[in-house]
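Please examine the sequence and the structure shown below. The paragraphs that follow lead through them step by step.

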Amino acid sequence: MAARKAVTAVEAHLAATRWQLRLGVAVVALLIALGVIVLGLGLCAALRLSGSATPRYASDVDHFKYGSIGSEPQSGVPYAVWKALPALYPKQFEGRNDYTAFGFIYETDEAGVRKELPIGVSKRQVNGVDVVWLNCATCHTGTWRASDGGVVHVVPGMPSNNLDFHRFVSLLLTAATDERLEAADLFGPMEKAGAHLDWFDRLVWQAAVMPRFREGLIRVRGRLAPLLERQSPWGAGRVDTFNPYKLLQFGTPAASLTEAEVHGVSDFPAIFNQRPREGMELHWDGNNTSLQERNLSAAIGAGVTPKTVDHASLRRVAGWLMDLPAPVSPHPLNAQAALRGQAIYKAECFACHGGQEAGGYVFKAEKLGKVTPIALIGTDRARLDSYTKEFREQQLSKMFAGTPYQFRYFRKTDGYSNQPLDGLWLRGPYLHNGSVPTLTDLLKAPAERPKAFLRGRDQDVIDPVNGGFLTTACTPGQPTPRGTSCYDTALPGNGNGGHLYGVGLTPEQKADLLAYLLTF
Amino acid sequence: MTDVLPPRAAAGPIIRTPADAAAAGDPIFQPLHFRNLTVKNRIFRSNISGIFDNQDGSLTQTRINWESKFAKGGVGGIISSYVPVLMEGRIIAGYATVHRDEFIPLWAKLGEAVHSFDAKYIMQLSHSGRQMDLPGVHNQMRPSLTSTSNRETLHGFLCRAMTKGDIEHTINAFAAGAWRAREAGLDGVELHAANGYLFTQFLSSGINDRTDEYGGSLKNRARFLLDVISAIRSRVGRDFHLQVKLSAIDRNNVIPWEHKGNTLADTVQVAQWVEAAGADAIHVSSGSLFPHPLNPPGDLPIDILAVTYDAMISSGVYGFRNFLLFRYPLLRPIFHWIWFRMKKGHPIEGVSLEEARAIKAAVSVPVLCTGGFQTASFVRDAISGGVVDGVSIARSLMANKDLVQQWAAGHDLPEKPCTYCNKCLANAPKNPMGCYEEARFPSREAMIDEIMSVYKPRADMRIPLASEL
């Protein structure tokens, strides 16, 4: 059939040029389709990259253990990396597919399945990527057992006696420049560890997540490494609160720290019963009288920043801690001895520490919560000296400046604060630096106190005779069981001298006093 | 009608008729002497008509009625509507042509009718070139012949550049057209070298892109027009009135990215060449397309175009686009901007008068001017001031066919003046020509009656011979 002849010249022209129109329409349609696709992809990307959420927990204790306080955005580890690290560093993780090698504690859920994250590690979506990092429970949840091989009791609020934070941080800093942490090589281990990454995730990871994480780590390493080189390993249950703070928050070079201030490692404290502590001189050296400000400062240590801090979350933790009771001592009670010991305690100890009584712990005492000058207390002064006037001035002028949270209570003291002893049975080893294993040891003259003992994993069997935990003597420089380190009282900052109160009592008096202290 | 008009101011003699006005020395009513033609006064009906004629180009009684109405109204001369010299040069099918000798008696009858009302009749010889609004069955299968093969830019009319043969053929057709006008006893011819038709398409630097002797320099672009004048003179002699209508300034950039085209200086030069070639008068208009924002000046009723331009949709490649611009109120501002931006700073009445002044200063033949004239005093000043020798009027005369008599009776403006609404223009593609400004009439019915009055009286009907069928 012949093509139909056009009716007019204009029609013929239009028919002849219709391909242009069709091409134009096709191009426009294509552009629109492309636009829709780009818009859709952009929207999907925006949705995926704008995800910002963190799990909420119904119970306060779960919130304390697993809830985010806002440490993840600036300091965290992408969750997929967190899961892949054990396989990448089998030696450091002791071949385990979890973080127990560093003393992190895992719980099981109602069905008996182990939770994916240990206590003290929270998860938050940051720009659509799950990131994990620390919260209050990292340093303030420990364990005890009645006997070797007995049930492990997890106690929120007690010092984290298992956690070797120094080793954990050192691993991350090592990993910072390690080729194993390059994105392309990391995808395999991440997926093996259960992460599901589609092409978009891979793009985002290669372009942003990993570079940001690695470079963040390298920056931290650049600041912290010179400090760690000047210090002995901190050992389990301990942390240097203020020196990393100086380096990371204010950019103070590690080399500028004086020898006197550089060894400020101390024990994690217990954080039971916060309400009665309001107004006391808080921190080991009593440098702050505001619970709120002390809490916020501690959160900085866990990795939050003034920009990322989740104030509501912190308030919830703080509120719950207000009346968190110390668990009742499980030690068998020698009532008569304890009664005699109470009398001795009243005379020797009560004025500074308050005491356990029938109605509960008494937080009212003449010198309780007040700083005892270092000249008087005589314990190791390294922790006191690590908090300096210069640092205080930076804290007050810079931290949360321009917000209602601006720091204003920090001050420089000249000693250590007299602490309430609630939950004393869970707080060994004793003194601010954890240098004295048991209460019995503390009642000895410094020269007789143990020179070196193991700290770390599996050192949580309570000592029903001496108070605190059963400890094993060790020889500095010699290999120790996995997960432990040998605490050497001869090292700077580790001194076990001072606090001579009760040292002069007779053995009988000491036994009575101990019987009473075992009820704390 | 003049009898019922009130007398003028009490002082002085009461002027009632054009003869009175002429006797009183009113410049409007003084005769205008061309070389070969004398017209009784200075007012010409400018070229305008409607789709009144037959599809084969033969004229009808309706046209005779139409032209006679103006003649009766008192104008000195009537310039016919656009009359194609070839069927391929029609603007709108249904307008009378002069391409066949058989039409001479018909035109002769029209001439007699106009003469009977004491007016002269000048046939406007035309060729549409690319400006072919409604091609009709004769032309719909071919692109328009013009100076260029580029598409016309407003409606998208298709074009083909004329060959030398086409040009020669067209020159001869103009000469033949002039000869037929003379044979029909008409009083002269006007070459429509204005408003965007074929002559403009050769003259305009914005349209003509030829590289032969009919394109390039102004002299080359004017060659076609000058050749036609020469051919007409060869055919009809020196004693037949021949005037040329020129657009003083092209203002070809109605579509904003188009070139502006010829300047006034270009047209002054062309007018001098035209005079030298043998023209007896210059008729000044404006614009390189029709309609143009400045011709006819005034409003543009886009809402009416929305219901009439559909007749032109299929005429050009851009017809449908334009229709959409007119049809949808949201789109109207686009065309409104394109059109009305050109009008800024220009008056309606005497829109081309200053250009006419410049041309008159450069030639010695009489100069006519068109464009919105309606006020007696304004026209009188223009003539007595030597700006022009006469004016041509279309719309204002269509609104008041007796405008000249009203002026003679002393009215500076008619009682119900033309509003320059251009509804007549917008109705042209579809409806009979007439005044569509309803506000000027007591009722819509009165308006329709007035428009339809051109069809009365009916032509005599007769039974055709068998041989004619």
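Arg316(A) counts as partly exposed, at 27% relative accessibility; here buried means under 20% relative accessible area, exposed means over 50%, and partly exposed lies in between (1.4 Å probe, protein chains only). The model is predicted, so local features need pLDDT of at least 70 and side-chain atom pairs count only at pLDDT 80 or more, while totals for chains, interfaces and linings use all residues. Residues are numbered from 1 along each chain as its sequence is written, chains are lettered from A and ligands numbered from 1 in the order in which they are written, and side-chain values use heavy atoms, with hydrogens and water left out.

Which residue forms a salt bridge with Arg316(A)? The partner is Asp60(A), and the closest N and O atoms are 2.8 Å apart. A salt bridge is a side-chain nitrogen of Lys or Arg within 4 Å of a carboxyl oxygen of Asp or Glu. Side chains of opposite charge can pair when their charged atoms come close. Asp60(A) lies in helix 3 (residues 60-66) of chain A and Arg316(A) in helix 11 (residues 311-322) of chain A, so the pair ties together parts that are 256 residues apart in sequence. Helices (H or I, at least four residues) and strands (E, at least two) are DSSP runs, numbered from the N terminus. Asp60(A) is also partly exposed, its relative accessible area being 33%.

A further salt bridge joins Arg275(A) to Asp323(A), with 2.7 Å between the closest N and O atoms. This pair links distant parts of the chain, 48 residues apart: Arg275(A) is in the loop between strand 7 (265-267) and helix 10 (291-302) of chain A, and Asp323(A) is in the loop between helix 11 and helix 12 (335-348) of chain A. Arg275(A) is partly exposed at 47% relative accessibility, and Asp323(A) is partly exposed at 45%.

In chain B, Arg462(B) and Glu468(B) form a salt bridge whose closest N and O atoms are 3.0 Å apart. Arg462(B) is exposed, with a relative accessible area of 60%, whereas Glu468(B) is partly exposed at 43%. Salt bridges with shared partners also join Arg56(A), Glu72(A), Arg124(A) and Asp310(A) into one network. Over all chains, the structure holds 49 salt bridges.

Chain A has 18 helices and 13 strands, and 53% of its 520 residues count as buried. A nonpolar core is a set of buried Ala, Val, Leu, Ile, Met, Phe, Trp, Tyr and Cys residues joined through side-chain atoms within 4.5 Å. The largest such core has 99 residues, and those with the most contacts inside it include Trp107(B), Phe224(B) and Val388(B). Helix 7 (residues 218-236) of chain B supplies the largest share of this core, 10 residues. A second, separate core of 59 residues includes Ala45(A), Val121(A), Leu134(A) and Leu163(A).

Finally, where do the two chains meet? The contact (heavy atoms within 4.5 Å) takes 8 residues from chain A and 10 residues from chain B. In chain A, Ala9(A), Val10(A) and His13(A) lose the most area to chain B, together 58% of what that side buries; buried area is the accessible area (1.4 Å probe) that two parts lose on being put together, summed over both. The two chains, A and B, bury about 730 Å² between them, with 67% of it on carbon and sulfur atoms. Across this interface the rule finds 0 salt bridges.
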